[in-house]
Amino acid sequence: MKKYTQADFDAFEVIDGIKQCPSGDYSDIQVFSDRCSFGEECSFGEECSFGKWCSFSKQCSFGEDCSFGEECSFGEECSFGEWCSFGKWCSFGEDCSFGEECSFEGKGEYIGDYPFLAFVGFGSRIGSKVYFFNLQDGIYVRCGCWLSDIAGFRERVKAKNADAMYLDLCDLVERKFNRKNSK
């Protein structure tokens, strides 16, 4: 696997405003610009920082202390090392795995066998996503720009007269995470 330097990275082609980054070893690069697109099987070292709108494809792996900006998206089978943190609007594909002590939006470390559950197709926008994070301090919900614990999310759903199916999702997630119902 080719190991890239900062000079290599800076010289990568930009198409339609997106830096095209081939598969390879990026462990020597610590700061990445916004709107990068990485190929399959890329690897990144400790303390990497990624800007907004970065996109990673299948089988990317990231070392310890990586942080990601808002609106990052990750393809299937991504794996993340210890101490990874994720900004607002990050989305994750199928089969993503998370190392120990990952933090979600500063709300704490995940617990249990499932760090999060994601549902697609709820709400007023087609393809909108709802994420439930299983954290030490409780279950947190990211739905669009809304982030709160599950009790706050239930209150918002009721106050906005939103689709009652959101409440059903809350019940399902609490059972899956083996938490007491917090209605």
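A: A term is needed at the outset: pLDDT is the predictor's confidence in each residue, from 0 to 100. This is a predicted model, in which local features need pLDDT of at least 70 and side-chain atom pairs count only at pLDDT 80 or more, while totals for chains, interfaces and linings use all residues. Residues are numbered from 1 along each chain as its sequence is written, and side-chain values use heavy atoms, with hydrogens and water left out.

Q: Which elements have the lowest and the highest mean pLDDT?
A: The lowest mean, 60, belongs to strand 13 (residues 97-98), and the highest, 93, to helix 2 (residues 150-159). Helices (H or I, at least four residues) and strands (E, at least two) are DSSP runs, numbered from the N terminus.

Q: And what does the protein chain average?
A: The protein chain averages a pLDDT of 75, and 66% of the residues score at least 70. Where pLDDT is low, the predicted coordinates should not be read in detail.

Q: At what angle do helix 2 and helix 3 pack?
A: Helix 2 and helix 3 (residues 165-176) pack at about 165°, with axes 10 Å apart. Axes are lines fitted to C-alpha atoms, for helices over the stretch in contact, and angles run from 0 to 180 degrees between N-to-C directions. That angle makes helix 2 roughly antiparallel to helix 3 (over 145 degrees).

Q: Which residues make the contact?
A: Helix 2 contributes Ile150, Phe153, Arg154, Val157 and Lys158, and helix 3 contributes Tyr166, Leu167, Cys170, Asp171 and Glu174. Contact means heavy atoms within 4.5 Å.

Q: Changing topic, in what order do the strands of the open sheet run?
A: Four strands form the open sheet in the order 15-16-17-18, with antiparallel pairing. Two strands pair if DSSP finds at least two bridges between them. Strand 15 (116-120) and strand 18 (146-149) are the edge strands, each pairing on one side only.

Q: How many bridges join strand 16 and strand 17?
A: Six bridges join strand 16 (residues 129-135) to strand 17 (residues 138-143). Leu135 stands opposite Gly138 in strand 17.

Q: What about strand 17 and strand 18?
A: Those two pair in the antiparallel sense over four bridges. They form a hairpin with two residues between them, and Gly144 in the turn has a positive phi of about 65°.

Q: Where does helix 2 lie?
A: Helix 2 lies across strand 16, strand 17 and strand 18, at about 125° to strand 18. Helix 3 also packs on the sheet, touching strand 15, strand 16 and strand 17.

Definitions and conventions. Angles under 35 degrees count as roughly parallel, over 145 as roughly antiparallel, 65 to 115 as roughly perpendicular and the rest as oblique.
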